Amino acid sequence: MEYEMLSKSLGEVARLARERLGLTQAQVARQADLAPNVYGRIERGHMMPAVPTLRRLAVVLGLSADVLLALTPAEVAPSVDAPTPEGSLSPELRQTVRMLRGWSPGKVKLLNRILRSIENAPEEE
């Protein structure tokens, strides 16, 4: 019985976090390296992820594993609905941040170099 309650709780927290980030189930699944139907089962509370999967989900959803597993005090868990620093960004910038979360470190490093060169370039009038 406790397993079922934990699975449902984890799924609900994951769904709220995903919605807060404006992601689809397929986007979360891809970024967490899961099949979309597997992530859907986790979110519906029908499947408990293995520890490595739980870690990947926590990273993608921007939550601690404590929050996902409801190990934090009750007053902390509702923070899933609290505004995040991302919430103050423009829609375009939020979309970019979500995209970057799924990138490899090498791709991020390359993009960082490109952005630095653009930032240092003289602006055209």
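## Overall fold

Helices here are DSSP runs of H or I of at least four residues, strands are E runs of at least two, and both are numbered from the N terminus. This is a predicted model, in which local features need pLDDT of at least 70 and side-chain atom pairs count only at pLDDT 80 or more, while totals for chains, interfaces and linings use all residues. Residues are numbered from 1 along each chain as its sequence is written, and side-chain values use heavy atoms, with hydrogens and water left out.

Of the 125 residues, 26% count as buried (buried is under 20% relative accessible area, exposed is over 50%, and partly exposed lies in between, with a 1.4 Å probe and protein chains only). The protein chain exposes about 8,400 Å², and carbon and sulfur atoms supply 59% of that area; accessible areas come from the Shrake-Rupley method with a 1.4 Å probe, and for residues only the protein chains shown count as cover. Among contacts (heavy atoms within 4.5 Å) between residues at least 6 apart in sequence, 57% join residues at least 24 apart.

## The nonpolar core

A nonpolar core is a set of buried Ala, Val, Leu, Ile, Met, Phe, Trp, Tyr and Cys residues joined through side-chain atoms within 4.5 Å. The largest one has 20 residues, of which Val28, Leu34, Tyr39, Leu57, Leu61, Leu63 and Leu68 touch the most other members. Two or more residues each come from α1 (2-21), α2, α3, α4 (51-61) and α5 (65-68). Leaving aside neighbours within four places in sequence, Leu68 is in contact with Leu10, Val13, Ala14, Leu54, Leu57, Ala58, Leu61 and Leu63.

Let's turn to Ile42, which sits in helix α3 (residues 36-43). Ile42 counts as buried because its relative accessibility is 1%. Beyond residues up to four places away in sequence, Ile42 touches Ser7, Leu10, Gly11, Leu34, Met47, Pro49, Thr53 and Leu57. Thr53 belongs to helix α4 and, at 12% relative accessibility, is buried. With neighbours within four places set aside, Thr53 is in contact with Leu34 and Ile42.

## Salt bridges

A salt bridge here is a side-chain nitrogen of Lys or Arg within 4 Å of a carboxyl oxygen of Asp or Glu, and the count comes to three. Arg18 pairs with Glu43, the closest N and O atoms being 2.8 Å apart. Arg18 lies in helix α1 and Glu43 in helix α3, so this pair ties together parts that are 25 residues apart in sequence. Both Arg18 and Glu43 are buried.

Salt bridges that share partners join Glu12, Arg15 and Glu19 into one network. The closest N and O atoms are 2.5 Å apart for Arg15 with Glu12 and 2.8 Å apart for Glu19 with Arg15. Arg15 and Glu12 are three residues apart in helix α1, about one turn of the helix. Arg15 is partly exposed at 25% relative accessibility, Glu12 is partly exposed at 35%, and Glu19 is partly exposed at 44%.

Most residues other than glycine have a negative phi. Asp33 has a positive phi of about 60° although it is not a glycine. Asp33 lies in the loop between α2 (25-31) and α3, and at 62% relative accessibility it counts as exposed.
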